[in-house]
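Subject: A structure for you to explore

Hi there,

Here is the structure I promised to pass on to you. Please open it next to this email and turn it around as you read.

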Amino acid sequence: MKVLVVNCGSSSLKYCLIDMENEKVLAKGNIERIGQYNSIITHKINGEKYKKERNVYSHEEALKIVMEELVNSDYPAIKSFNEIEAVGHRVVHGGERFKQATIIDEDVIKGIEDAIRYAPLHNPAHLQGIRAIQKILPDVPNVAVFDTAFHQTIPKEHYIYPIPYEYYEKYGVRKYGAHGTSHKYVSHRIAEILNKDIKDLKIISCHLGQGASICAIQNGISVDTSMGLTPLGGIPMGSRSGDLDPSVVTYIMEQENLTPREMDRILNKKSGLHGISGISNDNRDILREIPNGNERADLAMKVYCYLIAQYIGKYAVTMNGVDVITFTGGVGEKGPDERKMICSYLNFMGVELDEEKNKVTNMEYELSKDDSRVKLWIVPTEEELIIAKETNEIINK
Amino acid sequence: MKILVVNCGSSSLKYQLIDMEKEEVMAKGNYERIGENSFLTHKVNGEKVVIEEKVSNHEEALKIIVDQLLSPKYNTIKSLDEIEAVGHRIVHGGEYFDKSVLVTEDVIEKIEDCSKLAPLHNPAAILGIRACQKEMPNAKMAVVFDTAFHQTMPAKTFTYPVPYEMYEKYGVRKYGAHGTSHKYIANRVAALEGRTDLKIVNCHLGQRCKFMCHERWKEFRYKYGTYSTWWNSNVC
């Protein structure tokens, strides 16, 4: 079965066509600057990458272009649209309603619409992608795979915030988390790698990319996670603040006379590593500056690693122990400096990082010393493949 | 030496007069709703006295408190000269203060500067200082900050992941509180354990809970005579 995976952002679209028989990526790409001039189309097939520039005005037009690339270009991946048997859509927020991937019908679309208030930039974009595919491939089933679904198993005492309960009842204010697809995949995969029943493992999964979150998995389910109502919560990220004393937010708003929306923009785009360092939201840019004596770069990296280590400690408390800590995402897979600094806080609980092994990047690998009580592993995440698998699973049920 | 401890809220004044030789509380109380239907609750010699007298400011409140301390009814002190020093609790010392200090005009100015971080508490504390300076001009004045103990935190611990300008312009950073309490407990535990190389996690969980732990400790010590077992199983 061939599955097309679609991941729509507000002005972008990522896609990936996967042959589920051998789990091979037949073609992938993205279209950026949709709705602006000079949209950029990047298509990858057979190890080659092609870039084109056109004015792409909508997600529907963008998806038509994707179809063309897949079928009619100089390097077609498939002979006809009929080969696409299902489309998997990444959806950031499913609210409390969606606890797993779901075949899309009008009711599901309504559910995704209801969750727009928690993901005002992303969910509307996903819906545009869904509508467009329904037009272009009218006979193909669509599946929504939610970032939040995996965390719907979190118990109430972990997802309720210590604020008036009415806000939960009236507005659904509670922890939802994100990166669910990634944490689910990684936790299942590490159980496979260790040849254990996932129910017997206490796993702390660290997804450290531009967005970053930590997840505690016990008895095979998510029992807590660091992102909250939205992906703004939890550990500091490239440009997001993560958790804060809530009075910091109101205090800054008062001092600078900001609206909630303006404050939200600062917390999402100008905080985190970028905010402290003043350099950029990319770990590599910051690490490069540290040997030059840049104190703010040094401080940013220290704060980042300290708070991630704290969250790992937190989840060891949640589960009253930990067996394995996994690293995934750009920084998780390729950041030995960060991993080393994070692990330096955790020796007391049986975490022993092997510095030689820690030099490995980008592949499934054990980083812990042989006698480390807690195992440390890199488990690369492949979001598109996971979405395709979930889509496949739901269709075949 | 007798010390008056003063803790001012925006419309209240809490106090304790302590005999430092015996470390005993000679009298204590709370003047509430200053500026409205104010009343004083004064506790001395095992009794509780409530005086309903409207006062419009902390200065007036202090005068009435002093009346109780000097009153021959309770025989607490004979003259204000017996109060050698006044200790004022200040909620926020910002980055200026990493320990308690004697009051000077410069100190008062700095406390005022920190008022934007504690807009209800710091100004009230200054009112209390001024009132005491007037009423007891011969007593030494000291200020004890809730935040001072935490000024040892390194930058990676106190920096928030928000634009760094917020720290530079507005002092947005972690300051902490309950410093006086955490400092006391840390030193006390070290003394009880006879060690200084301790990693301590101290939980200050509201006045009531803290008091309960202290009492249980006294009881435990009397029964069992060892402190470390208690600490390991009863960290509160």
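Below is a walk through the domains, the sheets, the helix pairs and the contact between the chains. Please keep in mind that this is a predicted model.

**Domains**

Let's begin with chain A. Its domain assignment gives domain 1 as residues 2-146 and domain 2 as residues 199-383. Between the C-alpha centres of domain 1 and domain 2 of chain A, the distance is 29 Å.

For chain B, the assignment gives domain 1 as 1-177 and domain 2 as 179-234. Here 9 residues of domain 1 of chain B are in contact with 4 residues of domain 2 of chain B. On the domain 1 side of that contact in chain B, there are 5 nonpolar, 3 polar and 1 charged residues.

In chain A you will find an open sheet of 8 strands with mixed pairing, in the order 5-4-3-2-1-6-8-7. Which strands are at the edges? They are strand 5 (48-54) and strand 7 (102-103) of chain A, each of which pairs on one side only. Strand 7 of chain A is joined to strand 8 (residues 142-146) of chain A by 2 bridges, and the two run antiparallel.

**The 6-stranded sheet of chain A**

Chain A also has an open sheet of 6 strands, ordered 11-10-9-12-14-13, and its pairing is mixed as well. Strand 11 and strand 13 (365-366) of chain A are at the edges with a single partner strand each, so one side of each has no neighbour in the sheet.

Strand 10 (residues 212-218) and strand 11 (residues 221-225) of chain A run antiparallel and are joined by 4 bridges. A:Gln218 has A:Ile221 in strand 11 of chain A as its bridge partner. These two strands of chain A form a hairpin with 2 residues between them, and A:Asn219 takes a positive phi near 55° there.

For a parallel pair, look at strand 9 (residues 202-208) and strand 12 (residues 324-328) of chain A, which share 5 bridges.

What lies across strand 9, strand 10, strand 11 and strand 12 of chain A? That is helix 11 of chain A, which runs at about 15° to strand 10 of chain A.

**Helix pairs**

Two packed helices are described by the angle between their axes and the distance between the axes.

Staying with helix 11 (residues 295-318) of chain A, its axis comes within 8 Å of the axis of helix 13 (residues 336-343) of chain A, and the two cross at roughly 55°. Helix 11 and helix 13 of chain A are therefore oblique to each other, and their crossing is right-handed. A:Cys305, A:Ile308 and A:Ala309 of helix 11 of chain A make the contact with A:Glu338, A:Met341 and A:Ile342 of helix 13 of chain A. By class, that contact has 5 nonpolar, no polar and 1 charged residues.

Next, find helix 2 (residues 106-114) and helix 3 (residues 122-136) of chain A, whose axes come within 9 Å and cross at roughly 155°. That angle makes helix 2 of chain A roughly antiparallel to helix 3 of chain A, and the crossing is left-handed. From helix 2 of chain A the contact uses A:Ile109, A:Ile112 and A:Glu113, and from helix 3 of chain A it uses A:Asn123, A:His126, A:Leu127 and A:Ile130.

Then turn to chain B, where the axes of helix 2 (residues 105-113) and helix 3 (residues 121-135) come within 8 Å and cross at roughly 155°. Helix 2 of chain B is thus roughly antiparallel to helix 3 of chain B, with a left-handed crossing.

**Where the chains meet**

How many residues does each chain give to the contact? Chain B gives 12 and chain A gives 20. Helix 4 (155-158) and helix 5 (164-170) of chain B are the elements that give two or more residues to the chain B side. That side of chain B has 9 nonpolar, 2 polar and 1 charged residues.

Enjoy exploring, and write back with any questions!

Best wishes

Definitions and conventions. Residues numbered from 1 in each chain as written. Chains lettered and ligands numbered in written order. Predicted model: local features only at pLDDT ≥ 70, side-chain atom pairs only at ≥ 80, totals over all residues. Domains from an automatic or database assignment. Contact = placed C-beta atoms within 7 Å. Nonpolar A, V, L, I, M, F, W, Y, C, P; charged D, E, K, R; others polar. Axes fitted to C-alpha atoms, helices over the stretch in contact; angles between N-to-C directions. Parallel < 35°, antiparallel > 145°, perpendicular 65-115°, else oblique. Left-handed = near helix turned anticlockwise from the far one by under 90°. Pairing = 2+ DSSP bridges.
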